[in-house]
Number of protein chains: 2
Amino acid sequence: MSDTFVVVGGDAAGMSAASKAKRENPELDVVVFEKGEWVSYAACGMPYYVKGEVEDLEDLVAVTPEEFREERDIDLRTGHEVVGVDPGAGTVTVEGEGETFEQPYDHLLVATGATAVEPPFDGLDLDGVFTIHDMDEAGAIEDYVTERSPDTAAVVGGGYVGIEMAEALSARGADVHLYEMLPHVLQPFGDAVAEVVEEHLRAQGVHLHLDTAVSGFDGEGSVERVGFEGESRPADIAVVGVGVAPNTQLAADAGIELGETGAIATDEYGRTNYGNVYAAGDCAEARNVVTGEPDHVPLALTANRAGRAIGQTVAGDPEPVGGTAGTAIVKAFDLGAARTGVVDEQRAREAGFDPVSVSISAPTRAHYYPGGAELTVTLVADGESGRLLGGTVVGREGTKRVDTVATALAAGMTVSELQKADLAYAPPFSPVRDPILTAANVLEGKLDGE
Amino acid sequence: MSDTFVVVGGDAAGMSAASKAKRENPELDVVVFEKGEWVSYAACGMPYYVKGEVEDLEDLVAVTPEEFREERDIDLRTGHEVVGVDPGAGTVTVEGEGETFEQPYDHLLVATGATAVEPPFDGLDLDGVFTIHDMDEAGAIEDYVTERSPDTAAVVGGGYVGIEMAEALSARGADVHLYEMLPHVLQPFGDAVAEVVEEHLRAQGVHLHLDTAVSGFDGEGSVERVGFEGESRPADIAVVGVGVAPNTQLAADAGIELGETGAIATDEYGRTNYGNVYAAGDCAEARNVVTGEPDHVPLALTANRAGRAIGQTVAGDPEPVGGTAGTAIVKAFDLGAARTGVVDEQRAREAGFDPVSVSISAPTRAHYYPGGAELTVTLVADGESGRLLGGTVVGREGTKRVDTVATALAAGMTVSELQKADLAYAPPFSPVRDPILTAANVLEGKLDGE
C-alpha cells in the first residue's frame with residue numbers, strides 16, 4: 001500500500017508541497033484539507049483588487065481546485081477543517097460536509113498560515129471596519145467601497161498592507177488618513193526608506209498620523225469615526241493592518257513545539273519535533289540566512305519554496321527548505337521600497353555583529369539620459385568581518401536592485417566582494433557605477449576607516 | 001621631491017586613475033595628456049545625442065577639464081599627444097601646442113582606449129559615411145542628419161552600437177537597413193537574445209540583412225548606395241559599427257607586451273611588463289572572473305574601476321583592479337537585452353567547462369497585475385561542478401535582473417546556491433518566483449538529470 005501525505009491548508013506552502021510530492025512520486029496519496037473555499041491564491045494581490053486594477057478575485061488564483069484535482073491528481077477537500085492532530089496515532093480529525101472523521105497519515109504538513117492581528121480596539125465589529133486577512137474579506141472591502149463610496153478612510157498600521165490599502169482607497173476616491181503607532185511607517189525597512197516613503201505619501205495626499213495609537217471606532221451600525229489619543233476624526237471605512245500572527249493552535253494542541261518567535265519550530269528540512277510532521281509557510285519559522293537563527297517571515301516566496309522542498313522530501317528525495325533573508329518589496333503609489341537581510345542595527349548587535357551602515361542617493365540612469373529617478377540605497381555590514389548584513393532601496397524606479405544585495409547575502413559576500421561585481425551599465429538602465437556599487441564603495445571606505 | 005604620475009588618455013580609465021591618485025595622495029604630481037579636446041565623456045551616450053534625446057554633446061561630459069584642473073588639481077593637457085614612451089629613461093615624448101617635449105614619470109598609465117575598426121570597404125571616405133568612434137564624430141553624424149534628413153540609412157554591424165544607431169536614425173525619420181555578416185545580431189548575447197531582438201527590430205520597421213557582407217559604399221561626393229553580396233541599395237547615410245580594436249601602437253613601440261587578445265597584457269594590479277607602467281581601459285586586458293583568463297572587454301565600468309584601483313596603487317595603497325564578467329546591457333527600441341559571464345558554449349568548453357544551459361520565458365510581474373512583460377532568461381552552468389558560468393536576459397522591462405546573475409558570478413555561486421537566493425516579490429514588481437529563480441530551478445533540474 002502506498003504512503004499517504006496529508007496537508008493542512010491549501011495556500012502557497014500547502015499546495016506547493018502537495019504538487020511537488022505528487023509530481024516526484026505519483027504513487028503517493030496526497031490529501032489536502034482547506035477549511036475555506038479558496039486555494040492557491042495570491043493574498044498579496046488583494047489590495048490591487050480593492051484598488052480596481054484586478055477585475056475578478058478569481059484572477060488572484062494561480063491554480064484552481066479543479067486543476068489540482070484533475071490535472072495534478074491531488075485529493076483536495078475544500079470546506080474541510082482539521083480540528084485535531086494525533087501524532088501518536090498518525091491521524092488528523094477533520095470536520096466537513098456535516099461530518100467528523102479521522103484521516104490517517106504517513107507524512108503530515110501543517111500549513112495553517114497566519115491571521116491578521118485584531119488589536120483590542122472598540123468597535124471592531126462595526127460595519128465598514130475590516131482587517132485584510134483573506135479573499136472573502138478582500139471581496140467584502142471592495143463591495144463596501146463600491147456601495148458606499150467612502151469620503152474618508154482610516155487605515156490603521158503603516159506596514160506594507162497599510163500602505164498598499166492607502167493607495168487602493170485613495171485611488172477609489174477616499175481621503176485617506178494613515179495611523180501608525182511607531183515614529184515611522186515600514187519599520188522593518190529602516191528610517192532611510194521610511195522618510196522617503198512618508199514624504200511621498202504626503203505628496204500623494206495621504207494624511208499621516210505617526211506616533212499615534214488608535215483606540216477604536218465609533219458609529220451607528222457602521223463606522224463613522226476613528227478614535228486616537230483622546231481625539232477622533234470622521235472615517236467612512238476603516239482597514240486595520242497591524243501585522244499577522246501565525247496560526248499555531250492546532251499544532252500546539254497536538255504537542256508540536258513552537259519556537260521563540262511564537263511560530264512552529266522546524267529543522268532544516270522543515271520537520272517539527274515529530275519526524276513525520278512538517279510545518280511551512282506563515283505558521284512556521286524559517287532560518288535567517290544572515291543570523292543563522294530561527295525567524296518568522298510570513299512571505300510568499302519563503303512559503304512557496306519551503307512547501308516545494310518538503311514535497312520533495314516526502315517524495316523520498318530529501319531537500320533542505322533553505323533560509324530566508326526577509327526580502328520584501330512594496331509599492332507606495334509611484335514609489336518602490338525594498339529591504340533584505342538585517343537592516344536594524346540593534347538586531348544586528350543582538351546577533352553578534354558590529355553593524356556599520358551608509359545611505360547614499362544616486363540616479364537610476366546616466367545623468368544625461370531622460371527619465372530616471374533618484375534611488376536611495378542603504379547597506380549594512382559587519383565592521384569586524386566586512387560581511388554584508390542587509391540593505392534597503394527606495395525610489396521611483398529600479399528598486400528590484402535589492403536582488404543584487406539579496407544574492408550577495410545568499411553567497412555570504414563581504415562588501416569588498418560585492419564592490420567588485422560587474423553590474424550592467426548602459427545609459428538608459430544605469431549610471432556607469434550602479435547605485436548598489438556606489439553604496440558598496442562608500443561603505444567599504446567607512447569600513448576601512450577612511 | 002614628490003613623485004610624478006603621468007597618464008596617457010583622458011577618458012574613463014585615465015581620469016578615474018588621475019582623480020583617485022590625487023585624492024589619496026595630494027603630494028603626487030598628476031599629469032594627464034589627452035590628444036583630443038574631450039575628456040571624461042560618456043561614449044555610450046553618443047547614440048542618444050544622435051537620436052535627439054540628449055540636447056548637447058557637452059551633456060555627455062561627466063567632469064569638465066576646468067573642474068579637473070581647478071577642483072582636483074590635476075595638470076590636464078588637452079590637445080597633447082604622447083608619441084613615444086621610453087621605459088628605460090622613464091620619460092614620454094609629447095607633442096602639443098606646436099612643440100615636442102620630454103616628460104619624466106615615476107608611474108605611467110597607458111589609457112589610450114580603442115578605435116572603431118575600419119573594414120576594407122570601398123567608399124569609406126565619402127561624405128555621410130561614419131564610424132562612431134569619438135565625440136567629434138557623433139557631432140558630425142548629428143549635423144549630417146539635421147542637414148540632409150536622410151530617407152534611408154545603412155547601419156553596418158549588429159552589435160550594440162549598430163542597434164543603438166538603428167534606433168537613433170529611425171527616430172530621426174530614416175528607413176533603416178541593418179547589415180550583419182553573422183547569422184544573428186548581438187553575437188556575444190547568444191541566439192536566445194538575438195531572436196527576440198531581431199523580431200522586435202523588424203516589428204519596429206528595421207530591415208535586417210543577416211548573413212550579409214557589405215562590400216562598400218558608392219556615390220558622387222556623398223554616399224548614395226550601399227553594396228553587399230553583389231547587390232546594392234540606396235543609402236543617404238551610413239554608419240559602420242563593426243567593433244573596436246585596442247590602441248596599442250604606442251605601447252608596442254615601447255616594448256610593452258601585448259596579450260593573446262591583442263590588448264596590453266596586465267597583472268592583477270593593472271601593471272604591464274614594466275613595474276611602474278600600468279595599462280587600463282579599452283586598450284588593456286582584464287581578467288575574466290569566470291574563466292580566470294585574460295580577456296579584452298572594452299566597457300566603461302571595467303575601465304572606470306581599473307583606473308580607480310591603479311590610482312590608489314600609485315598613491316601608495318595597492319589595490320587589485322578586479323575582474324570582469326563582460327556584463328553588458330543594450331536598449332533596442334522598447335526592448336532591453338543583457339548578458340554576463342560566459343554564454344557561448346564553445347567558449348565555455350575551451351575554458352575547460354562542460355556547459356549545460358536552459359532558456360525560459362516568464363512574466364516580470366504577477367500574472368494578474370497590469371502591465372509587465374515577458375522576460376526570456378538563459379542561464380549556463382558547468383555540468384560537472386554546477387557552477388554558474390553566465391546568463392542573458394531580454395524583454396521589455398526588468399532586464400537589469402542580469403545583475404543578480406553577475407553578482408552570483410562574482411561570488412562563484414553554483415546554480416543550486418542561486419536558486420536559494422531570497423529575491424524580492426510583490427505583484428507590481430515580480431511573480432512570487434522571480435524569472436531568474438525560475439531559470440535556476442529549471443537548470444538545476446537539468447543538471448540533476450531530471
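A crossing of two helices is called right-handed if the near helix is turned clockwise from the far one by less than a right angle, and left-handed if it is turned anticlockwise. Keep that in mind for the first two views of this predicted model.

**View 1. Helices α1 and α8 of chain A cross in a right-handed way.** Here we look at α1(A), residues 12–24, and α8(A), residues 300–314, whose axes come within 7 Å and cross at roughly 30°. Angles under 35 degrees count as roughly parallel, and α1(A) and α8(A) are therefore roughly parallel to each other. Which residues of α1(A) meet α8(A)? They are A:A12, A:A13, A:S16, A:A17, A:K20, A:A21 and A:R23. Their counterparts in α8(A) are A:A300, A:A303, A:N304, A:G307, A:R308, A:G311 and A:Q312. Sorted by class, this contact has six nonpolar, five polar and three charged residues.

**View 2. Helices α1 and α8 of chain B also make a right-handed crossing.** In chain B, α1 spans residues 12–24 and α8 spans residues 300–314; their axes come within 7 Å, with a crossing angle of roughly 30°. α1(B) and α8(B) are therefore roughly parallel to each other. On the α1(B) side, the contact is made by B:A12, B:A13, B:S16, B:A17, B:K20, B:A21 and B:R23. On the α8(B) side you can find B:A300, B:A303, B:N304, B:G307, B:R308, B:G311 and B:Q312. By class, the contact between α1(B) and α8(B) has six nonpolar, five polar and three charged residues.

**View 3. A:E97 takes a positive phi in a loop of chain A.** Most residues other than glycine have a negative phi. For A:E97, which is not a glycine, phi is near 50°. Look for A:E97 in the loop between β5 (91–96) and β6 (99–104) of chain A. Is A:E97 buried or exposed? A:E97 is exposed, with a relative accessible area of 69%.

**View 4. B:S40 has a positive phi and is buried.** Phi of B:S40, another residue that is not glycine, is near 50°. B:S40 sits in the loop between β2 (29–34) and α2 (46–51) of chain B. Its relative accessible area is 12%, and under 20% counts as buried.

**View 5. Three strands of chain A form an open sheet.** The strand order is β13-β14-β15, and the pairing is antiparallel. Where are the edges of this sheet? They are at β13 (214–218) and β15 (231–234), each with a single partner strand, so one side of each has no neighbour in the sheet. From one strand to the next, the twist averages 25°. β13(A) pairs with β14(A), residues 225–228, over four bridges. Within β14(A), A:F228 is the residue opposite A:V214.

**View 6. Strand β25 of chain A is mostly covered.** β22(A), residues 335–341, pairs with β25(A) in the antiparallel sense over six bridges; A:T340 has A:G391 as its bridge partner in β25(A). β24(A), residues 374–382, is joined to β25(A) by six bridges, and these two strands run antiparallel. There, A:V377 has A:V393 as its bridge partner. The hairpin of β24(A) and β25(A) has five residues between the strands, and in this hairpin A:G386 takes a positive phi near 80°.

Note on methods
Residues are numbered from 1 along each chain as its sequence is written. Chains are lettered from A and ligands numbered from 1 in the order in which they are written. This is a predicted model: local features need pLDDT of at least 70, side-chain atom pairs count only at pLDDT 80 or more; totals for chains, interfaces and linings use all residues. Side-chain values use heavy atoms; hydrogens and water are left out. Axes are lines fitted to C-alpha atoms, for helices over the stretch in contact, and angles run from 0 to 180 degrees between N-to-C directions. Angles under 35 degrees count as roughly parallel, over 145 as roughly antiparallel, 65 to 115 as roughly perpendicular and the rest as oblique. Contact means heavy atoms within 4.5 Å. Ala, Val, Leu, Ile, Met, Phe, Trp, Tyr, Cys and Pro count as nonpolar, Asp, Glu, Lys and Arg as charged, and the others, Gly among them, as polar. Buried means under 20% relative accessible area, exposed over 50%, partly exposed in between (1.4 Å probe, protein chains only). Two strands pair if DSSP finds at least two bridges between them.
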